[in-house]
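Hi,

Here is the structure I promised to pass on. Have a look at it first, and then read my notes below.

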Amino acid sequence: MVDLSMVNWARAQFALTAMYHWIFVPLTLGLSFLCAFYETLYVRTGKEEWKNIAKFWMTLFGINFAIGVATGIILEFEFGTNWSNYSWMVGDIFGAPLAVEGIVAFFLEATFFAVMFFGWDRVSKNFHLFSTWMVAIGSNLSALWILVANGWMQFPTGMAFNPATVRFEMQNFWEVLFSPVAMAKFTHTTSTSFMVGALFVITVSSWYLLKGRHVEMAKKSIIVASVFGLLSTCYAAWTGDESAFVNASTQPMKLAAYEGLYDGEKGAGIVALGWLNSEKKPGDSLPAFDFEIKIPGGLALLANREINSFVPGINDLVYGNAEEGIESVAAKMEKGKAAIADLAAYKAALKVGDAQAADGALAKFNANQEYLGYGYLLSPEQTVPPVATTFYSFHIMVFLAVLFLLIFVLFLIAAVKDTIAAKRGLLSLGFISFFLAMIASQSGWVVAEVGRQPWAIQGLMPVNVATTNISAGSVQTTFFMFLAVFTLLLIAEIKIMLKQIKIGPEGF
Amino acid sequence: MGQTYFSDIYRFYRNGFQRMTLGKTLWKIILIKLFVMFAILKLFFFPDFLQSNFSTDQERADHVLEQITGPARQNN
């Protein structure tokens, strides 16, 4: 038997590492573009104040980048040790995107980063500006590749399973790259990261204005950040809508979980505000909510672009719905078990050199291989992710996104009217906005990752099959080591960042 | 000309590193972090399971196949 506590510790360790890594990444992605905007204003206007502003935010960008760089590499360590079955089976798919990411990151960091930080007085203004833009574009493109890999796990496409090598092998690179899930994930992740960067600028600038320090610099920073943040929020709303639309066809269980929809219906409403019934289980007759406010037809419109269309709920997806042509998980489990048995028979036939039996087993396996992952489940209900975690994370994210839209609008109006310095209530809200942005950003990933449980690879491999057959003890040890290392790095980041913020732009 | 070009690049990086103030602290953090990650964590705590326990790709493939078709996984 596989040690289930090991599976859960490996999950916890991966979540811990990914969430710490994600503290640094969105700020890098968003702030890099703001640095480019500030420097563009300097080059276009020739005003030294924009240069000072650009240099100040660039320094904070540099601190965040330096502390965060390579924290994601630990995820790759974990693949090899804790997730060896998964790592072996996806190696052919992930190799290309991650290699491209490595090459892009290396050349970007070795060249344009150096010019950005060392080159202020040593290269032309235009070349320095070009380098800053390349850092912004390159950092975001670098994120593309890891998101393509993540997108493939959520919607495996462009590949074929090779039973001889026991690997998913890439058949079509472009199909993997341009899969709808990968594209939705990339655009939504980067657009929300732009919001995080803009809110970071608003937080620091609000603090300056509350303290009455660096007032002109803070006001100018806020104008640019508010415009960027406002546009990014509109873009993020569009990409978020697209993500949900893609979820409806590729991961309908995730959509049902983050909307708390148990029984599918035509013209399903979207929950604007709700409190789940904690006693509710799939298949029972209890109400899903203790309290809810729904927008009629909203979910149907989001999922299918048709207000009266049918949106399947958790019960439809688990127990099937013949009328809507939805197969039950129990039926998929039978096919999955047959696929596993045929794969074992293929291996046994090869071992004794019986080519005819091997071919027969392989043909039968191929007929059911898309259900492979279901064969490892013990009950249909295992396909239901933690509904409460997914639902509340999604609604916290959406609620905060609406709040951010309001913050950007109010800051922009007040900054343009030049009344911002007097609005202490708004500045206090602005001061905490970056911390709220981190909560929203992390919540987004909780929706994406918790919402796709129990799958490591959607439909093909549940997490308990993806792990290495080792004891939980070693994973527990490294879990706490990571907790210590990452916490130290975070403390270092906060201390250095606060010190530089206190020094302010005059220190550069 | 090529030599001048490369020596210009060399001087650019050398002077850049020499003039760093905050950057020196950040580089120290980066180097300590990389040391902890690769020389301690990776080396002692994160062996690649399949690389460490099997010598050929065929053996690794056989092991993974055993893992995904064997009774250990199906009983979970």
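Let's start with a charge and a ring: the charged end of A:Lys280 sits over the ring of A:Tyr262, 4.9 Å from the ring's centre. There's another case to look up, where A:Arg305 lies over the face of A:Phe245, at 4.3 Å from the ring centre. Before you go on, keep in mind that this is a predicted model.

Now for rings paired with rings. Over all chains, the count comes to 51 aromatic pairs. Take A:Phe56 and A:Tyr208: their ring centres are 6.0 Å apart and the planes stand at 50 degrees, so this pair is tilted. (Stacked would need planes under 30 degrees apart, and edge-to-face over 60.) A:Phe56 belongs to helix H2 (residues 48-68) of chain A and A:Tyr208 to helix H7 of chain A, so the pair ties together parts that are 152 residues apart in sequence. Are these two buried or exposed? Both A:Phe56 and A:Tyr208 are buried.

Compare that with A:Trp145 and A:Phe173, an aromatic pair that is stacked, with 6.2 Å from centre to centre and 25 degrees between the planes. A:Trp145 is in helix H5 (residues 125-154) of chain A and A:Phe173 in helix H6 (residues 173-177) of chain A, so this pair links distant parts of the chain, 28 residues apart. A:Trp145 has a relative accessible area of 12%, so it counts as buried, because the cut-off is under 20%. A:Phe173, on the other hand, has 26% and is partly exposed.

Some rings also group together. One aromatic cluster includes A:Phe14, A:Trp83, A:Tyr86, A:Trp152 and A:Phe365.

Which element gives the largest share of the lining? That's H14(A), with twelve residues. What is the lining of the second largest pocket made of, by residue type? There are 32 nonpolar residues, 13 polar and four charged.

Cheers

Notes: Residues numbered from 1 in each chain as written. Chains lettered and ligands numbered in written order. Predicted model: local features only at pLDDT ≥ 70, side-chain atom pairs only at ≥ 80, totals over all residues. Heavy atoms only, no water. Helix = DSSP H or I, 4+ residues; strand = E, 2+ residues; numbered from the N terminus. Nonpolar A, V, L, I, M, F, W, Y, C, P; charged D, E, K, R; others polar. Phe/Tyr/Trp six-rings, centres within 6.5 Å; stacked < 30°, edge-to-face > 60°. Buried < 20%, exposed > 50% of the residue type's maximum accessible area, 1.4 Å probe, protein only. Lys NZ or Arg CZ within 6 Å of the ring centre and 35° of its normal.
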